[in-house]
Amino acid sequence: MSRIRARDVMTRETLAVDADTPIYDAVKILVENGISGLPVVDKDFGLVGILTEQDVLTLLRNRQGHGKTVADFMAPDVISFDQDTDLIEIGDCLVRLRIRRVPITAEGRLVGVISRHDLIRLILKEEGILPVAPEDVDE
């Protein structure tokens, strides 16, 4: 099997928020889109943090989110990978650290996300269990 890189599998149409986004607006994005995390970016799409369901569970306990922003809850230390990173390295990281998704960057800017779901879908396609879409075929 040829080397598969992050850029070959990542979800490119990635939702993201900035650190000044009101926290309840960001939580609404998570819920309405059925996702468990949002990259936090600056105006140039530089990755500055990540907001996960785990981060916002504090809201349920303390109910102190009014007037707060994503910056008050996000994790500023983000595990991310360059778009040219080998998929095996990313998969190992997801398993070892028990995380659900990682942002993918190019020159420090957010260009996509890879989730455990993306990797599972790839495995099923390679095993012939899911059909391969025409856009997935290299020419």
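Let's start at Gln83, which touches Arg5, Ala6, Arg7, Met10, Ile104, Thr105, Ala106 and Val111 once its neighbours within four places in sequence are set aside; contact here means heavy atoms within 4.5 Å. The model is predicted, so local features need pLDDT of at least 70 and side-chain atom pairs count only at pLDDT 80 or more, while totals for chains, interfaces and linings use all residues. Residues are numbered from 1 along each chain as its sequence is written, and side-chain values use heavy atoms, with hydrogens and water left out.

**Around Gln83**

- Gln83 sits in the loop between E3 and H4.
- With 16% relative accessibility, Gln83 counts as buried; buried means under 20% relative accessible area, exposed over 50%, and partly exposed in between, using a 1.4 Å probe and protein chains only.

**The whole protein**

- You will find 5 helices and 5 strands here; these are DSSP runs numbered from the N terminus, with helices (H or I) of at least four residues and strands (E) of at least two.
- Along the sequence the pattern reads α-α-β-β-α-β-α-β-β-α.
- The C-alpha trace spans about 50 × 30 × 30 Å along its principal axes.
- Of the 139 residues, 35% count as buried.
- Among contacts between residues at least 6 apart in sequence, 54% join residues at least 24 apart.
- The accessible surface comes to about 9,000 Å², and 50% of this belongs to carbon and sulfur atoms; such areas come from the Shrake-Rupley method with a 1.4 Å probe, and for residues only the protein chains shown count as cover.

**The sheet of E3, E4 and E5**

- These 3 strands make an open sheet in the order E3-E4-E5, with mixed pairing; two strands pair if DSSP finds at least two bridges between them.
- Strand E3 (81–82) and strand E5 (109–115) are at the edges with a single partner strand each, so one side of each has no neighbour in the sheet.
- Strand E4 (residues 101–106) and E5 run antiparallel and are joined by 6 bridges.
- Within E4, you can look for Arg101 opposite Ser115 in E5.
- Helix H4 (residues 87–97) lies across E3, E4 and E5, at about 145 degrees to E4; axes are lines fitted to C-alpha atoms, for helices over the stretch in contact, and angles run from 0 to 180 degrees between N-to-C directions.

**Loops on either side of E4**

- Arg98, in the loop between H4 and E4, has a positive phi of about 55 degrees although it is not a glycine.
- Arg98 is exposed, with a relative accessible area of 73%.
- Glu107 belongs to the loop between E4 and E5, and its phi is also positive, near 55 degrees, in a residue other than glycine.
- Glu107 counts as exposed at 76% relative accessibility.

- In helix H2 (residues 23–33), the buried residues are Ile23, Ala26, Val27 and Leu30.
- Seen down the axis of H2, these buried residues fall within an arc of 100 degrees, so they line one face of the helix; the arc is that of the directions from the helix axis to the C-beta atoms.
- After H2 comes Gly34, with a positive phi near 60 degrees.
- Strands E1 (residues 37–41) and E2 (residues 47–52) run antiparallel and share 5 bridges.
- Leu38 stands opposite Leu51 in E2.
- The hairpin of E1 and E2 has 5 residues between the strands, and Phe45 in the turn has a positive phi of about 65 degrees.
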